[in-house]
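Hello,

Here is the structure for your files. My notes follow below it.

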Amino acid sequence: MDILLAITLVSLLVFAAAATGRALTSSGCPAARLTVADIQARLAAEPPPIYVPISRGR
């Protein structure tokens with residue numbers, strides 16, 4: 001019974017810490033959301049990946 005109480009208290013403590021952390025970090029200005037156009041622009045700016053064939057051991 002003691003172990004269940006300890007697990008419950010620890011999980012509540014972790015939950016409270018996570019909720020407090022989220023509340024403190026989100027109190028400032030909201031972060032800008034990514035749009036499809038933003039993602040496409042970032043991908044277009046990256047160089048194309050280099051194709052390296054995988055040997056089949058022949």
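Leucine 4 is exposed, since its relative accessible area is 55% and the cut-offs are under 20% for buried, over 50% for exposed and partly exposed in between (1.4 Å probe, protein chains only). The model is predicted: local features need pLDDT of at least 70, side-chain atom pairs need 80 or more, and totals for chains, interfaces and linings use all residues. Numbering runs from 1 along each chain as its sequence is written, and side-chain values use heavy atoms, without hydrogens or water.

Leucine 4 sits in helix H1, residues 2-25. Helices are DSSP runs (H or I, at least four residues), strands likewise (E, at least two), numbered from the N terminus. The chain has two helices and zero strands.

Across the chain of 58 residues, the buried share is 0%.
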